[in-house]
Protein chains: 2
Amino acid sequence: MNFESNNTTMKHNFGAGPCILPQEVFQQAANAVLDFNGLSILEVSHRHKDFVAVMDEAIDLVKKALNVPEGYSVAFLQGGASLGFTIVALNMMRDKKKAGYINTGTWASGAIKEAKKVGIDVDVFASSEDKNFTYIPKGYTIPTDVDYIHFTSNNTIYGTQFKEFPKTDLPLVCDMSSDIFSKEINVADFDIIYAGAQKNLGPAGATLYIVKDEILGKSSSTFMPTYLDLKQHVEKESMLNTPPVFSVYVAMLNLRNLLANGGVKAMEQRNNEKAALLYKEIDENPAFKGAVEVEDRSNMNVTFLLTDEDRTAEFDAMWKEAGIVGLPGHRSVGGYRASIYNALPIESVQVLVDVMRTFNQH
Amino acid sequence: MNFESNNTTMKHNFGAGPCILPQEVFQQAANAVLDFNGLSILEVSHRHKDFVAVMDEAIDLVKKALNVPEGYSVAFLQGGASLGFTIVALNMMRDKKKAGYINTGTWASGAIKEAKKVGIDVDVFASSEDKNFTYIPKGYTIPTDVDYIHFTSNNTIYGTQFKEFPKTDLPLVCDMSSDIFSKEINVADFDIIYAGAQKNLGPAGATLYIVKDEILGKSSSTFMPTYLDLKQHVEKESMLNTPPVFSVYVAMLNLRNLLANGGVKAMEQRNNEKAALLYKEIDENPAFKGAVEVEDRSNMNVTFLLTDEDRTAEFDAMWKEAGIVGLPGHRSVGGYRASIYNALPIESVQVLVDVMRTFNQH
């Protein structure tokens with residue numbers, strides 16, 4: 001069965017997450033809610049072979065999309081990166097009970113807070129807090145007397161992104177919630193990559209972990225609830241308990257779509273083009289200015305400000321009129337944030353650029 | 001937009017969970033995947049007023065459906081009851097660091113295991129392990145020197161159910177995953193009720209907590225990650241981090257459907273009728289026998305066995321031919337399990353009963 005949406009107004013969804021996914025994925029997901037091999041995907045047992053096949057395929061597609069090497073496992077959990085903060089700290093804790101964290105904003109700060117809460121002595125060896133997280137720290141010295149290093153690859157709220165990852169021989173952990181699958185990465189550089197699904201992977205409700213097998217089961221924490229132990233999830237192939245069936249199913253659909261459209265490499269190219277188009281306008285249009293250091297600009301979340309804040313209402317009316325949604329900056333920083341995740345078409349970016357040009361000519 | 005499923009074979013889904021929901025809910029959920037106020041429900045920000053309204057309504061409908069009294073809060077989390085085992089133990093831990101648990105099977109045992117893992121001295125003051133959990137313990141003495149009492153109201157795997165809840169002045173905690181919303185309860189008797197959504201509430205991916213406000217923030221645990229602290233979720237109105245948007249949305253639809261059809265009181269009546277129809281057949285049909293004590297039989301999960309196990313293949317072929325799915329017992333106990341949750345129509349039960357009668361006449 002196929003059917004078409006009756007949306008009469010084309011919306012351009014620049015929301016920061018949960019965010020746009022490919023329209024075909026929405027169609028396929030809606031179809032499966034009505035008919036997944038004769039049942040609704042919402043009423044299928046997670047132990048049914050048809051769903052086990054979905055889970056297996058989702059895990060396999062993650063491995064394919066990111067060229068996950070041998071010796072790594074992929075698992076889908078729940079709780080978002082927020083529970084992930086606790087999970088990675090517990091699973092990476094070793095005898096030193098000390099870890100090095102880079103603080104690049106709200107989510108990095110959350111990771112630091114939760115690591116401390118489980119008893120880790122956190123060494124924040126690099127931070128951009130002095131300039132309200134408008135840049136990515138560089139030239140830092142990575143500590144050596146720690147169990148692991150943690151950073152946040154893309155900072156959704158501020159619009160900064162690591163262009164080069166920290167280089168270290170220590171175990172490296174990264175919260176990639178908001179830029180995973182947007183560009184090629186070398187998984188072998190990491191011990192744990194984790195990511196809430198609701199940007200480039202799928203709808204909210206699933207959290208992805210890519211874990212080096214050799215780190216499993218080696219925590220020094222005396223506290224390890226079963227659900228927080230990655231070893232349990234890996235061994236049970238993400239079926240330790242009832243997984244978020246529909247979220248995993250839609251993530252699987254989205255990964256199929258990604259791979260059918262050239263995979264992460266082609267996506268990176270398109271994302272670069274979208275970001276270049278928008279940043280060019282921000283730099284050339286006198287009515288706007290970027291919010292962060294040019295070299296650290298995110299290709300996922302483009303933050304910008306009006307040069308004349310008194311024209312805010314005028315600009316807001318214009319982009320809303322154009323069918324744009326989700327453009328206001330995070331409530332903690334203000335301004336504007338155009339999230340241009342994988343599924344946002346360049347045509348939507350062009351609509352925004354056109355609005356910005358018209359606005360400048362008023 | 002509305003559309004009809006093209007299912008040509010009517011399925012009777014007796015699966016134990018994730019399980020059947022009302023067909024109208026599947027239709028409405030599919031519609032929202034395509035069009036929820038102009039976007040897909042899968043791409044709507046959880047901070048958007050339209051989703052905040054969904055969350056507020058879901059919480060409100062839980063309160064209406066169960067007559068939740070003043071002084072209680074409702075929250076939606078992730079992680080299922082399995083993470084709930086840890087959460088309730090952490091949140092109810094007081095100075096004694098001791099709790100009384102009733103062991104009525106796999107999930108109750110899981111709750112005991114996780115309580116121990118967070119440092120609780122567990123007193124299993126009642127258990128039906130001696131007879132492979134085929135009955136609900138009675139005549140037990142509830143300990144008084146503990147922080148709280150925990151039990152599991154319905155045992156999905158074995159097919160037993162508490163008909164009377166433990167009476168105590170101590171804080172009472174219940175895992176109601178598999179029978180919440182199936183019958184009237186007195187919420188004021190409990191300090192925490194928690195439940196994975198995927199039986200009578202909605203699709204997998206959300207976990208419901210109904211919490212007495214006065215217990216919040218009083219844990220004696222030195223270990224309390226933010227995500228595991230119910231106080232944080234209640235204060236943030238289930239928006240501590242990105243909630244499982246779609247699961248909460250469908251739960252809201254399902255609760256609307258429940259209340260539009262007479263609420264929990266009417267549902268209890270229908271559930272009693274369905275259970276009576278099926279248990280009557282089990283008792284009267286010489287080809288079958290019940291698997292648990294008659295007085296402790298679950299109205300949600302009806303477990304039964306063939307009197308002649310050699311006829312298993314014959315019976316299996318017959319119910320499959322009739323469009324029945326999900327009937328095999330849990331892999332740990334065998335036999336059959338007909339889960340007759342709220343959304344399973346009595347017509348489906350009649351189909352099963354007819355198959356059982358025909359089978360006996362062969």
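Predicted model: local features only at pLDDT ≥ 70, side-chain atom pairs only at ≥ 80, totals over all residues.

Reply: Residues are numbered from 1 along each chain as its sequence is written, chains are lettered from A and ligands numbered from 1 in the order in which they are written, and side-chain values use heavy atoms, with hydrogens and water left out.

Me: What makes a residue of chain A count as in contact with chain B, and how many do?
Reply: Contact means heavy atoms within 4.5 Å. By that rule, 59 residues of chain A are in contact with 59 residues of chain B.

Me: How do you know which surface each copy uses?
Reply: Of the interface residues of chain A, 100% are also interface residues in chain B, so the copies meet through the same surface.

Me: What is the buried area between chain A and chain B?
Reply: Buried area is the accessible area (1.4 Å probe) that two parts lose on being put together, summed over both. Here that comes to about 4,800 Å², with 59% of it on carbon and sulfur atoms.

Me: Which parts of chain A supply the side that touches chain B?
Reply: Helices H1 (23-34), H3 (80-92), H4 (106-117) and H6 (245-260) of chain A each supply at least two residues. H1(A) gives the most, with six. Helices (H or I, at least four residues) and strands (E, at least two) are DSSP runs, numbered from the N terminus.

Me: How many salt bridges and polar contacts cross the interface?
Reply: A salt bridge needs a side-chain nitrogen of Lys or Arg within 4 Å of a carboxyl oxygen of Asp or Glu. The rule finds zero between chain A and chain B. A polar contact is a pair of N or O atoms within 3.5 Å; within protein, one must be able to donate a hydrogen and the other to accept it, and residues adjacent in sequence count only if both atoms are side-chain atoms. That rule finds 15 residue pairs across the interface, both residues at pLDDT 80 or more.

Me: Why speak of a two-fold rotation axis?
Reply: Copies are superposed by least squares on the C-alpha atoms of residues with pLDDT of at least 70 in both. Chain A can be laid on chain B with an RMSD of 0.0 Å, by a turn of 180° and a shift of 0.0 Å along the axis. The two copies are thus related as by a two-fold rotation axis. In chain A, the C-alpha nearest the axis belongs to Ala30(A), 2.3 Å from it.

Me: What is the make-up of chain A in helices and strands?
Reply: Chain A has nine helices and 14 strands.
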